[in-house]
Amino acid sequence: MESNMAGRAPSSKAVHDQGGVRAVRGCIKALIVVVLLGYALVWIMVPTNTYRQDWQVKIRAKTNNSTYLGSQGANTLVFTSPMLFVAILGCVYIHLGKKLNHTATTQASSESRLKLRLAQWKRPALVKGPLGIVSAIELAFLGMFASLLIWTLYTYLHNSFLNITPKSLAKSGEERWEAKLEVTGLRLGLLGNVCLALLFYPVARGSSILGVFGLTSESSIKYHIWLGHVMMAIFTAHGLCYVIYWIATHELHEMLSWENTGVANVPGELALIAGLIMWACTLPRIRRKMFELFFYTHCLYILFVIFFILHVGIGFTTMMLPGFYLFLVDRYIRFLQSRGRVRLVSARVLPCGTIELNFAKNPALSYTPTSTIFVNVPSISRLQWHPFTISSSSSLEAQRLSVVIKSEGSWTQKLNQILSSPASVDRLDVSVEGPYGPATTNFLKHDMLVMVSGGSGLTPFISITRELIAASAKGCKTPKVLLLCAFKTSSQLAMLDLLLPQASSAELSNLDIQIEAFVTKEKEPATKTSKQIRTVWFKPNATVAPISAILGPNSWLWLAAIISASFLMFLILLGILTQYYIYPIDHNTNKIYSATRRALLSMLFICASIVITASGAFLWNKRNVTRESNQIQNIEGASPAGSPNSGWLYNADMEMESLPQQSLDQCTKVHYGERPDLKRLLLEMKEWNVGVLACGPKKLRHEVATICSSGLTDNLHFESISFTW
């Protein structure tokens, strides 16, 4: 009876309400697309004479002569405001999406079939190569972006070279090649700004712009890498052109020039040096073997941005400002969250060295499968933050959040030593940032879901499996599941036990799942009894709180308020400064206000506005979080001392409580001494809509992508899950 109640159709009123929400979201997304198309059109027109001699002149006539914003008014209106408006609309769009009952609308329909046709564009178009796995739609946008760069450079150079005439050369005393070299250097700098304008969008972990289009920072980090490489190559060429020009014209002293107005050369050189250091440390060999060097040198982005602004002035920087502005908002909110400590309930130490950390979670906090969280353990390192995939499901575990950590690097090995030591572990101070993940997931739309993992690549599939268990328990239609997992040794098979949450009655019996586990380095089961899974329980601590959304349950609306309020505050502060201080100096005296001071004050106003508004929102929501945490503590304190579900009991020697292993054992088949025949297994899938997820080593993901994009079948829809930090 309970199952039927859970699975019955929603009421007509609920359907009507959901229809209204979908209509509003559709209008918002359409408006976002229109604004983005207009924004792209502006960038296409920027290098043309039409923009510079007509559009820009008219816009500046109405804005730059104002005593309120001054010389940066035009760029603020044309380049900054639209993208911040899109970010605000994106926050509202995602917030409304949370109100929809996604699990009730997963049945196949004509609409889903249309989406599946569109999903053909998401299939891998390139698998092997320097870009990694690239879908058809990514390849199309990459081609459009490359076309924009080529168009911009060609148009700039074509129009500028027309102005290099014998008369202009006689006036300047330059050779034609010298004049062309100077122009080329200038235009390369303007070209690099196109990349810089987009560089920071992919690295804002809580970005609403990415969320609107179903992207996450983890899946978009490759775009940041591509943009960074192209940008630094262009800026390096820009700097070399000017150095060669100054040498040829005997003006090398210009390298030490720092003008109060216009372009300042010294800050530009400092910005380029900071960028080159970062660029050099992103080489794969350095990033993989010396990750800390890569991470710490990447903090030079702060100097890069500051000196870049001092180089070109704040008026010109507003063309690239929105991406960095949204990143600053995101970064400061992360900083506020990272200052607190969260409650660590228990840790499960597996025989293979893998650790599952279980945190207390505010029941109001929800997240999607494959979400990630950044963890810091001060007793190991105060500076190191490590991202881990969340293995729990907020639908199945209302008060728990779990992550799985494999002992590979020095940081994880130290954590393993702490938790595996015979000495009792009373507490472990931990801070977190996140969770971060996709706004929505579409795993339920498939008829069949194939998850292919290698080693610790099983982690994101744990969260998906638990989410499917929760959906099946509610009576929702769930796809068939085939989990193909490869391990090196039989001790790693213990990771399969994590498919079921700790101290839970959840079972796999309601889920049509088959698990095929392959042990590649052993030809038969281990004869010796393997070490048991050890569970460490930590004492409760009144000074720490469960993991909660940093801005509360309506975090996206609060983010929209922070973006809009902080930008409005920045404009007000800038207007007061311009109208009552800068404008009188520029127009009532023979002096011109220093561009460097104007840039520094603008940066100060931006930071102050973000700090004030974000801190206010954080403190307002912290009161509610503290109140809820106290209620949870009271409930915990009321739990009987011997209750296995009290959750916060301390027992360092307690072994893992009995789990419903019978259903897990029945659906698991272990193969020794062989690797999965992925091509055969995938091509045997007869279902019309098969979702294929791959996570693990690069070679494994490429093999699965190659099979799905081979054209031998049309029913495989590939998605790679990888984390490139």
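Is Arg 466 buried or exposed in this model? Arg 466 is buried, with a relative accessible area of 0%. The model shown in these views is predicted.

**View 1. Glu 397 and Arg 466 form a salt bridge.** The closest N and O atoms of the two residues are 3.0 Å apart. Glu 397 sits in the loop between β6 (386–389) and β7 (400–405). Arg 466 belongs to helix α18 (residues 459–473). The pair therefore ties together parts that are 69 residues apart in sequence. Glu 397 has 10% relative accessibility, so it counts as buried, the cut-off being under 20%. Arg 466, at 0%, is buried too.

**View 2. Arg 334 and Glu 433 meet through their side chains in a salt bridge.** The N to O distance is 3.5 Å. This pair links distant parts of the chain, 99 residues apart. Arg 334 lies in helix α16 (residues 321–338). Glu 433 lies in strand β8 (residues 431–436). Arg 334 counts as buried at 8% relative accessibility. Glu 433 counts as buried at 4%.

**View 3. A network of salt bridges takes in Arg 334 and Glu 433.** Arg 205 and Asp 330 are linked in this network as well. A search of the whole structure finds eleven salt bridges.

**View 4. Arg 680 and Asp 677 form a salt bridge between partly exposed residues.** Their side chains meet at 3.6 Å, N to O. Arg 680 has a relative accessibility of 43% and counts as partly exposed. Asp 677, with a relative accessible area of 39%, is also partly exposed. Buried means under 20% and exposed means over 50%, so both values fall in between.

**View 5. Helix α14 covers residues 301–312.** The helix has twelve residues. At 1.5 Å a residue, α14 should span 16 Å. Its end C-alpha atoms are 16 Å apart, which agrees. Which residues of α14 are buried? They are Tyr 301, Phe 304, Val 305, Phe 308, Ile 309, Leu 310, His 311 and Val 312.

Methods
Residues are numbered from 1 along each chain as its sequence is written. This is a predicted model: local features need pLDDT of at least 70, side-chain atom pairs count only at pLDDT 80 or more; totals for chains, interfaces and linings use all residues. Side-chain values use heavy atoms; hydrogens and water are left out. A salt bridge is a side-chain nitrogen of Lys or Arg within 4 Å of a carboxyl oxygen of Asp or Glu. Helices (H or I, at least four residues) and strands (E, at least two) are DSSP runs, numbered from the N terminus. Buried means under 20% relative accessible area, exposed over 50%, partly exposed in between (1.4 Å probe, protein chains only). The expected span of a helix is 1.5 Å times one less than its number of residues.
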